[in-house]
Amino acid sequence: MSVLRTADERFAALPDFPYAPHYAQVDGLRMHYVDEGPRDAEVTVLCLHGEPSWAYLYRKMIPVFTRCGLRVVAPDWFGFGRSDKPEDDA
């Protein structure tokens, strides 16, 4: 499968988005996600974006949740943000 990948430097100076990138491999594609807050938190907040957005959408909410002691996971769907973008939509 032919894949497009946005260069990391394109994300270097985003305002209000200091989060370290995390990646998971799914069926040969790299999926990006934000993972902030304590790993042993009683509650994990899962932030899912719609089209045409990505995890940057939650940049103002993530610090609010983490200040409350919550863990926040915000993935970028394939084709968006830092995740791989298959060249063929099919």
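Analyst: Contact here means heavy atoms within 4.5 Å. The model is a predicted one.

User: Which residues does S83 touch, not counting residues up to four places away in sequence?
Analyst: S83 sits in the loop between β5 (71–75) and β6 (85–86). Leaving out residues up to four places away in sequence, the residues that S83 touches are R30, M31, H32, D76, W77 and F78.

User: Is S83 buried or exposed?
Analyst: Buried means a relative accessible area under 20%. The relative accessible area of S83 is 0%, so S83 is buried.

User: How many Å separate the backbone nitrogen of H32 from a polar atom of the side chain of S83?
Analyst: H32 is among the residues that S83 touches. A polar atom of the S83 side chain and the backbone nitrogen of H32 lie apart by 2.8 Å.

User: What is the order of the strands in the open sheet of four strands?
Analyst: Strands of a sheet pair through backbone hydrogen bonds, either parallel or antiparallel. In this open sheet the pairing is mixed, and the order is β2-β3-β5-β4.

User: Which strands stand at the edges of the sheet?
Analyst: The order of the open sheet is β2-β3-β5-β4. Two of these strands each have a single partner strand, so one side of each is left without a neighbour in the sheet; the strands at the edges are β2 and β4.

User: What is the average twist from one strand to the next?
Analyst: The sheet is open and has four strands. From one strand to the next, the twist averages 30°.

User: Which residue in β3 does V26 stand opposite?
Analyst: β2 and β3 pair in the antiparallel sense over five bridges. Q25 stands opposite R30 in β3. For V26, the residue opposite in β3 is L29.

User: What is the phi of D27, in the turn of the hairpin formed by β2 and β3?
Analyst: Most residues other than glycine have a negative phi. The hairpin of β2 and β3 has two residues between the strands. D27 is exposed, with a relative accessible area of 76%. Although D27 is a residue other than glycine, its phi is positive, near 50°.

User: Is D16 exposed or partly exposed?
Analyst: D16 lies in the loop between β1 (3–4) and β2 (22–26), and has a positive phi of about 60° although it is not a glycine. Exposed means over 50% and buried under 20%, with partly exposed in between. The relative accessible area of D16 is 45%, so D16 is partly exposed.

User: Which residue is joined to E51 by a cis peptide bond?
Analyst: Most peptide bonds are trans. The bond in question is cis, with omega about 10°.

User: Which residue has the backbone oxygen that the side chain of H49 reaches at 3.1 Å?
Analyst: H49 lies in the loop between β4 and α1. At 6% relative accessibility, H49 counts as buried. Among the residues H49 touches are W54, Y58 and W77. The backbone oxygen that the H49 side chain reaches at 3.1 Å belongs to S53.

How values were computed. Residues are numbered from 1 along each chain as its sequence is written. This is a predicted model: local features need pLDDT of at least 70, side-chain atom pairs count only at pLDDT 80 or more; totals for chains, interfaces and linings use all residues. Side-chain values use heavy atoms; hydrogens and water are left out. Buried means under 20% relative accessible area, exposed over 50%, partly exposed in between (1.4 Å probe, protein chains only). A polar contact is a pair of N or O atoms within 3.5 Å; within protein, one must be able to donate a hydrogen and the other to accept it, and residues adjacent in sequence count only if both atoms are side-chain atoms. Two strands pair if DSSP finds at least two bridges between them. Axes are lines fitted to C-alpha atoms, for helices over the stretch in contact, and angles run from 0 to 180 degrees between N-to-C directions.
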